Amino acid sequence: MSQKNENNEKNLNQESSQADNKPKIIVKKANNNSSNNDDSQATAAVKKVKKVIVKKKIIIHNKSDKQEVQKQDNNSENVAKNFNRDSNSRDNRDNRENKNKNYSHGNREHKDFNNNRENKDNKLQQIAPPADDVSSFKKDNKKDNKKRDYEKKEKEYDKKSSQKDSKAEAAQRQENKIFNKMQAKKRQQEQRLASVEKEISIMETITVGDLAKKMNLRASDIISKLMGMGTMARVNDIIDSDTATIIADDFGCKVNVVSLQEEATIEVKADKEEDLKPRPPVVTIMGHVDHGKTSLLDAIRHSNITSKESGGITQNIGAYKVKIPSGEIAFIDTPGHAAFTMMRARGAKSTDIVILVVASDDGVMPQTIEALNHAKEANVPIIVAVNKMDLPNASMDKVKAALSEYGLTPEEWGGDTQYIGVSALTKQGINELLEAIILQAEMLELKANPNREAIGIVLEASLDQGRGPVGTVLVQNGTLKIGDYFVCGLSVGKVRAMVNDLGQRVTKALPSTPVEVLGFEKTPEAGESFNVMLDEKEAKAIADKRVQLKQQEALKANVKVTLENLYEKIASDAMKEFKVIIKADVQGSAEALRDALNKIQSDKIRFVSIYSASGAVTESDVNLAHASNAIIIAYRVRPSAKARELAEKLGIPIERYDIIYEAIEAIQNAMKGSLERIKKEVDIGTVEVRDVFHVPKVGTIAGCYVTSGKIERNASVRVMRDNVLIYTSKISSLRRVKDDVKEVATGYECGASIENFNDIKKGDILEIFKIEEIAQDL
């Protein structure tokens, strides 16, 4: 028994020594009959702990947070330390128990003690894991954490390096793209510079876009050069020839400046003498208004043109061709009103002979002198027709004496001017007048070449709603035919139809023949030259040159603001404007009305013609008037139905006139009415305050005496005290004795109250006045 106890004691000593070497976990074997069962239970406990540890490893590997892993490691270390501390305390207790075994009284007690100790050890083994497994788990966990940290850093480094590489590659691609674009742009620029024209021809002015086209460049190239020179320009801006020359030199291009006036002018080739043939004379009838010019023409043509004119007054130029036994004569009838100065000038320039019509009863009048001056300026012979010789007070000698002062000396007085007495009413002297015209034409030896391109002048133009732009053309040389291409002013056209003065369609017009021509692209200007060209291309080239010439003239007309003219420009901009849009039956009438209205001089208001043209008033005219705040003048035309509706909707006034002097007078009055009325103070009386009464709920009443003039209710009043203005108001109430009155005359007393003023004192003087509005004169 003692031997067995010694053996147990030896085993306990060995186990305690092993526990010292391995302080964390001790698995002790019992030396009794149930030792095998104890071993199996210990093995099962170890396996169970290992399973728990494996599960914990899996959980720890799935977690990415490093702090949680470190916390778990600390917990494991604490468990291991606690387990070692418990095992040490247990060993000490076992030693003490072994020492006390010799003093036990029986084996049974000793056996029970050992069994209880072994059960406690088994429970501890089930709770705490083996020390080897815990230490190996901690080492593996640290290695895994380091590995994960290394792999994480490696991935971050790879990611950053890949991002840097991708950015570098993108930057390199962008640089390559920019470089390729620059190279392509440089190659294109070199190609453009290589294709630049070596020499070009331009006018005195040219637009930026046209210069680029001529040099075979882009407009941006020219604009960039101008910007380098300190000039900001756009594609449609006009530059002068000097600037264009400097720019062209930079591109190695030579510039030849050609006169635009020469390019826009059509050279008229001289006709050979053998090609010339006699032509009818062109006679213009001129004179003062209502002297019988159109009536005389009716007597010659056996027509009744006067009945178609508004007020019996010629309003535009008429052209007619009359056949007489001795040949043909082309007549041009011009208006006699002062406003039609340009028409008379146009008629004088396009004529061979001028017939100056003078009424025998009125004698020489202002428009008679004006027509005479136009004829002298045109250097054409003049025949004086003294009309209305059937009147009782007719006196040809009076007319001869008056015109002799202007250089028209009669033949019987030793001069060279023919005087023919006529009567458009009785047709007296008509034949003598025609014979005088034929004689004068023979003396002039008028000839033309009918076998060449036609040359003429536009006497009148209009816009017909059914036929479009129509121009009355007087053929001066050559023959005009259907299908001819022509240039007229700034536009081109093709003759589609021709109508003579009798309304008959014709296929050709010989020299000295007036015809209405259809085929204009736009309504021509009256007085423009009419030239037939060989083809359409040539006609368009001439028209383009004329457009450029007009742009150049407009550029020169643009006056720059300087210190000298700054005040004038400010005053001009501040001046009130009366804006109108003029629509007339023919272009000449619109021109005459516009010129007459422009002659209205005033430093308070300025007449502005926004637009003037021939034809009916259209919707576009109404919209233009609405946009520019203008009125529309319809001279011998009427607005269309849609235009009238639109004008009523927008509130645009359309003033209609049929006689030009009525239109001028009405517009002049309208210009006066558009001026602001002048406000002027007019004194009407003086009142002396002799007493003051204070009436409850009414106010202060002044007891007054009218010293001069009168005092009126609701009149304005100035309160003067010691010759100092105290207050300005109006008389709110006026009483005479007990009655309300409208006014009180000089020498009477009255009671008056002043609106919003109660500080009236005895001795105050009341000046009574009115404010009147006076219309301004132009």
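The structure is a predicted model, in which local features need pLDDT of at least 70 and side-chain atom pairs count only at pLDDT 80 or more, whereas totals for chains, interfaces and linings use all residues. Residues are numbered from 1 along each chain as its sequence is written, and side-chain values use heavy atoms, with hydrogens and water left out.

**Cysteines**
- Under this distance rule, the disulfide count is zero.
- C750 has a relative accessible area of 8% and is therefore buried (under 20%; exposed is over 50%, and partly exposed in between, with a 1.4 Å probe and protein chains only).
- C488 is also buried, its relative accessible area being 2%.

**Nonpolar surface patch**
- I610, Y611 and L624 together form a nonpolar surface patch with about 230 Å² of accessible area (Shrake-Rupley method, 1.4 Å probe, only the protein chains shown counting as cover).
- Patch residues have over 30% relative accessible area and no salt bridge, with nonpolar side chains (Val, Leu, Ile, Met, Phe, Trp, Tyr) joined within 5 Å and like charges within 9 Å.
- A salt bridge is a side-chain nitrogen of Lys or Arg within 4 Å of a carboxyl oxygen of Asp or Glu.
- L624 counts as partly exposed because its relative accessibility is 32%.

**Helices**
- L624 belongs to helix α18, residues 619-628 (helices are DSSP runs of H or I, at least four residues, numbered from the N terminus).
- E432 lies in helix α14, residues 430-444, and is partly exposed at 44% relative accessible area.
- E432 and V422 are ten residues apart in sequence, with a C-alpha to C-alpha distance of 8.6 Å.

Technical notes: Helices (H or I, at least four residues) and strands (E, at least two) are DSSP runs, numbered from the N terminus. A disulfide is a pair of cysteine sulfur atoms within 2.5 Å.
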